[in-house]
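Here is a quick tour of one model, told in plain words. Have a look at the sequence and the fold first, then read on.

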Amino acid sequence: MTSQPRKGLELRSTITTAGELVLALAEVEIPVPVEDQVVIRIEAAPINPSDLALLLGTADLATLRVDGERTVASVPKETLRTLAARLDQALPVGNEGAGTVIDAGDQARALVGKRVATSGAMYAQWKLARARECLPLPDGTTAAQGASAFVNPMTALAMVEALRREGHKALVHTAAASNLGQMLVKICAADRVPLVNIVRSGEQVALLRGLGAEFVVDSSTPSFRTDLVEAIAATGATLAFDAIGGGRMGSHILTAMETVAARSLTAYNRYGSNVHKQLYIYGRLDPGPTQLDQTFGFAWDVAGFLVTSFLMKAAPEAIQRMRARVMAELTTTFASHYSATISLREALRLDVIRAYARRATGTKYLIDPVQSAL
Ligand SMILES: NC(=O)c1ccc[n+]([C@@H]2O[C@H](COP(=O)([O-])OP(=O)(O)OC[C@H]3O[C@@H](n4cnc5c(N)ncnc54)[C@H](OP(=O)(O)O)[C@@H]3O)[C@@H](O)[C@H]2O)c1
């Protein structure tokens with residue numbers, strides 16, 4: 001143990017009031033840890049869609065260019081108002097990741113040498129954290145295996161918790177070939193929760209069927225809306241989690257649920273059925289406006305869903321149970337897939353940014369800050 005302050009690189013994202021996105025590596029000093037603090041050498045951090053929102057904001061990627069040590073792009077002026085709270089601040093990025101504890105204060109010495117998962121400002125070489133913010137990973141877990149132990153696993157489990165808590169018996173999920181969607185397929189199969197997966201290509205149908213998914217509907221086919229109605233009829237789904245956000249997908253789901261509910265009506269009711277339909281929007285893969293056609297009666301609710309808010313309200317025992325399951329099934333149910341591992345410097349390269357910004361199936365990137373020389 002060296003107990004010396006460490007200097008290391010940290011990726012920062014700034015959006016200026018002049019309408020420019022600036023990505024750069026800052027040199028930061030990590031203080032010597034005291035009391036329950038630990039210093040973690042960060043070894044793997046995924047680039048999740050939520051990280052992209054902070055990293056790139058609303059920048060126009062067609063304007064990406066290199067400017068000395070920085071990567072810059074123009075940000076459309078009309079979007080700056082929505083970014084007011086972050087303007088001119090060099091923000092650290094990276095929601096989650098894993099690494100090895102290499103130094104600790106007196107109260108956290110037991111963690112030294114342990115590989116842990118933790119969260120916040122993870123696109124950096126070192127991180128100062130409190131011991132209680134670290135989740136020790138099972139022995140033998142690689143940093144890549146532990147890097148995505150929080151966000152997607154806990155969100156997928158939270159969806160099933162919400163289903164039980166709110167008394168639904170089946171759920172619909174969109175962008176279902178995502179890393180999170182693949183986890184949800186496995187959780188629902190194990191927990192016997194009927195799941196309707198909505199994807200947008202034949203390859204994605206095959207991918208999910210390969211994982212054992214029973215109901216997979218493809219929004220790129222002409223029969224999508226009728227297929228969706230029949231899948232909802234077969235499962236009884238009245239709950240949906242939509243990662244797309246923009247456009248009409250949420251509306252199509254509520255309408256399909258209402259179509260199924262209306263089959264049980266014995267007489268016409270101009271207000272529709274009284275079967276409650278719940279749509280949670282939990283992602284913004286399509287950043288456009290959410291469009292609701294109002295073709296689904298009056299018994300419905302649309303709300304946002306954020307895993308951190310859910311966990312803040314959840315009972316400690318529930319969180320403990322969810323975390324224990326993630327750790328026990330980290331390399332099976334909750335395995336994430338990465339198409340490339342890059343250094344912090346590579347994360348600023350124009351071609352690399354364009355690749356990871358696509359958010360396409362099977363193209364999630366992992367940052368390994370150890371590869372980034374000072
Ligand atoms: N609210 C929360 O607390 C919370 C927590 C965790 C994750 N999330 C959200 O969960 C979602 C999945 O995350 P992930 O890390 O699992 O993603 P991922 O592995 O990167 O996969 C993204 C998926 O989204 C699809 N996609 C992209 N743009 C789309 C669009 N406009 N319409 C339909 N599908 C689209 C891609 O399919 P193609 O190949 O067809 O493009 C791909 O299958 C993200 O939206 C993320 O923000 C939210």
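Both α3 and α4 supply at least two residues each to the shell around the ligand, and α3 gives the most, with 3 residues. Helices here are DSSP runs of H or I with at least four residues, strands are E runs of at least two, and both are numbered from the N terminus. Mind that this is a predicted model, where local features need pLDDT of at least 70 and side-chain atom pairs count only at pLDDT 80 or more, while totals for chains, interfaces and linings use all residues. Residues are numbered from 1 along each chain as its sequence is written, and side-chain values use heavy atoms, with hydrogens and water left out.

Around the ligand there are 24 residues, counted when one of their heavy atoms lies within 4 Å of it. Coming nearest are Leu180, Arg200, Val307, Thr361 and Lys364.

| Residue | Distance from its polar side-chain atom to a ligand oxygen |
|---|---|
| Asn179 | 2.9 Å |
| Lys364 | 2.6 Å |

The ligand taken alone exposes 940 Å², and the protein buries 88% of that; these areas come from the Shrake-Rupley method with a 1.4 Å probe.

Now for the nonpolar cores. Such a core is a set of buried Ala, Val, Leu, Ile, Met, Phe, Trp, Tyr and Cys residues joined through side-chain atoms within 4.5 Å, with buried meaning under 20% relative accessible area (1.4 Å probe, protein chains only). The largest one holds 49 residues, and Leu171, Leu184, Phe241 and Phe305 have the most contacts inside it. Elements giving two or more residues to this core include α4 (179-191), α5 (202-210) and β14 (239-242), but α3 provides the largest share, 8 residues. Beyond its neighbours within four places in sequence, Phe305 is in contact (heavy atoms within 4.5 Å) with residues including Thr155, Ala158, Phe241, Tyr280 and Phe310. There is also a second, separate core of 33 residues, with Ala45, Ile47, Val93 and Leu348 among them.

Finally, the sheet. Five strands form an open sheet in the order β4-β5-β2-β1-β6, with antiparallel pairing; two strands pair if DSSP finds at least two bridges between them. At the edges sit β4 (65-67) and β6 (91-92), each pairing on one side only. β4 is joined to β5 (residues 70-74) by 3 bridges, and the two run antiparallel. Across that pair, Arg65 stands opposite Val72 of β5.

How values were computed: Buried means under 20% relative accessible area, exposed over 50%, partly exposed in between (1.4 Å probe, protein chains only). A polar contact is a pair of N or O atoms within 3.5 Å; within protein, one must be able to donate a hydrogen and the other to accept it, and residues adjacent in sequence count only if both atoms are side-chain atoms.
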